[in-house]
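Have the chain in view as you read.

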Amino acid sequence: MELIDYSTSVWSVIPPILALLLAIATRRVILSLSLGIIVGSLMLADFNILSGLGYLKNNVSSLFYGEEGLNSNNINIILFLLLLGVLTALLTVSGSNRAFAEWAQKRIKDRRGAKLLAASLVFVTFIDDYFHSLAVGAIASPVTDKFKVSRAKLAYILDSTAAPMCVLMPVSSWGAYIITLIAGLLATYSITEYSPIGAFMTMSAMNFYAVFSILMVFFVAYFSFDIGSMARHERTALESTTHFDVEETGVKGRVRNLVLPIAVLIVATVGMMLYTGYEVLAADNKPFDILGAFENTTVGISLVFGGVSAVVVSTICILLDRQVSLSEYRTAWIVGMKSMLGAILILLFAWTINNVVGDMKTGVYLSSLVSDSLPVSVLPALLFILTAIMAFSTGTSWGTFGIMLPIAAAIAANAAPELMLPCLSAVMAGAVCGDHCSPISDTTILSSTGARCDHIDHVTTQLPYAILIAVASILGYLVLGFTLSGLLGFITTGVVLVILVFLFKRK
């Protein structure tokens with residue numbers, strides 16, 4: 001079936017905007033995504049119902065099976081979610097969640113410490129955003145629950161440290177992907193004064209949104225800076241007497257039964273990422289190096305391997321303690337998988353509408369709004385704004401990187417070569433910003449899942465913080481564009497953010 005081309009039409013933004021507005025207005029995510037998918041399918045089929053249904057069928061089936069066979073990446077992500085649900089249930093039924101919470105309570109004296117623990121774990125799990133959101137959620141939730149930290153606050157901490165840290169670190173799935181794109185762009189424009197990793201590190205220093213998102217998380221955790229609906233969720237959590245208590249199982253668990261499976265989860269996942277990357281390098285007769293391995297790794301398989309390893313270790317710990325019956329163990333598997341079904345359903349719908357948005361060429365249309373006839377000094381700020389809108393509409397940072405980095409490089413190469421890296425860093429920052437704000441972003445969905453928080457509650461409570469940092473970042477990129485000084489841009493972003501925080505805190 002030949003699809004209608006909306007690449008030059010403002011109508012291309014209708015399906016994602018419809019889904020986003022309905023989700024926020026009605027709080028019914030599945031219904032909102034469904035309407036966006038249906039409208040987009042009909043538009044692509046020129047409103048022929050039968051053709052639209054055929055397109056929708058092919059779209060949904062491609063989530064699992066495409067022209068090249070099984071869609072192993074999507075399948076592996078779903079398997080990892082199920083495995084993590086099982087692992088969480090096993091940690092609960094074995095009493096290790098409660099034991100860890102009691103152990104942490106002796107060392108962490110208050111809510112501030114619980115929040116800082118959750119935020120600090122990003123320095124261990126920065127290897128991948130999916131992995132971070134789900135693994136840290138499993139580790140930190142017993143402690144944050146014990147100290148009555150709201151699920152919305154935990155989801156914010158997970159989401160606002162996941163992508164921002166991954167996009168700054170060269171040794172991560174994000175960093176490897178971006179370095180690959182940068183290498184191609186540097187070769188295209190014959191730029192030799194930077195190596196790809198050198199350019200990446202320079203761009204990371206100018207990624208104002210990502211840097212200040214992480215700093216904001218620690219500020220919020222330490223000073224309880226709660227704005228908008230976050231304040232209401234925190235009050236509700238503090239007043240709760242039952243909902244945020246760690247589940248009692250009657251089993252006297254051990255801390256090691258939580259620490260060992262989580263440690264195995266991290267080590268096995270990272271080890272498999274290096275191994276799958278090594279296999280690709282070896283097949284291409286290239287020498288092994290860590291960055292090259294992460295650049296060529298297969299994230300989905302690595303996550304599943306880590307998940308299986310962690311479940312096996314958790315099972316061994318349960319068998320050694322002999323405190324959980326076979327029926328309780330079997331029930332934990334069922335309960336764990338059921339707990340992830342809602343998140344998987346939302347993720348499937350999000351993937352489907354992302355395919356629709358891709359076929360509508362929403363990203364192509366939005367990228368066409370950039371003009372190389374604008375004053376060159378405003379390019380970084382303009383690219384940040386446009387990239388944020390694109391990532392918000394499409395729900396994907398990686399897809400936005402793929403579209404916008406080449407466009408930003410082309411504009412900078414022709415109009416202002418000295419702004420090449422500032423423009424590329426603005427794209428990186430804008431993609432993370434839009435991804436943070438978007439209800440259809442898979443990282444946003446998985447952060448809600450990791451914290452066991454209502455998805456729309458997470459979106460609405462995180463949005464005010466994202467907007468504050470985005471406003472400060474825009475001004476920082478304006479200063480960067482006019483002065484060509486990353487340091488002045490960084491200072492400007494920080495000063496503006498401090499002023500905005502002061503005004504909101506005073507209010």
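Is Arg256 buried, partly exposed or exposed? Arg256 counts as partly exposed, at 36% relative accessibility. Here buried means under 20% relative accessible area, exposed means over 50%, and partly exposed is in between (1.4 Å probe, protein chains only).

## Before we dig in

This is a predicted model, where local features need pLDDT of at least 70 and side-chain atom pairs count only at pLDDT 80 or more, while totals for chains, interfaces and linings use all residues. Residues are numbered from 1 along each chain as its sequence is written, and side-chain values use heavy atoms, with hydrogens and water left out.

## Asp321 and its arginines

Arg256 and Asp321 meet in a salt bridge, 3.3 Å from N to O. That term stands for a side-chain nitrogen of Lys or Arg within 4 Å of a carboxyl oxygen of Asp or Glu. This pair ties together distant parts of the chain: Arg256 sits in helix α14 and Asp321 in helix α16, 65 residues apart. (Helices are DSSP runs of H or I, at least four residues, numbered from the N terminus.)

Asp321 also forms a salt bridge with Arg254, and there the closest N and O atoms are 3.7 Å apart. Again distant parts of the chain are linked, with Arg254 in the loop between α13 and α14 (256-283), 67 residues from Asp321. Asp321 counts as buried at 16% relative accessibility, whereas Arg254 is partly exposed at 44%.

## A network of charges

The structure holds seven salt bridges. One of them joins Asp226 to Lys153, with the closest N and O atoms 2.7 Å apart. Lys153 is buried at 0%, but Asp226 is partly exposed at 23%.

Arg111 and Glu234 come into the picture too: salt bridges that share partners join them with Lys153 and Asp226 into one network.

## What about the cysteines?

A disulfide is a covalent bond between the sulfur atoms of two cysteines. The rule used here asks for a pair of cysteine sulfur atoms within 2.5 Å, and by it the count comes to zero.

Cys433 is buried, with a relative accessible area of 5%.

Key
Helix = DSSP H or I, 4+ residues; strand = E, 2+ residues; numbered from the N terminus.
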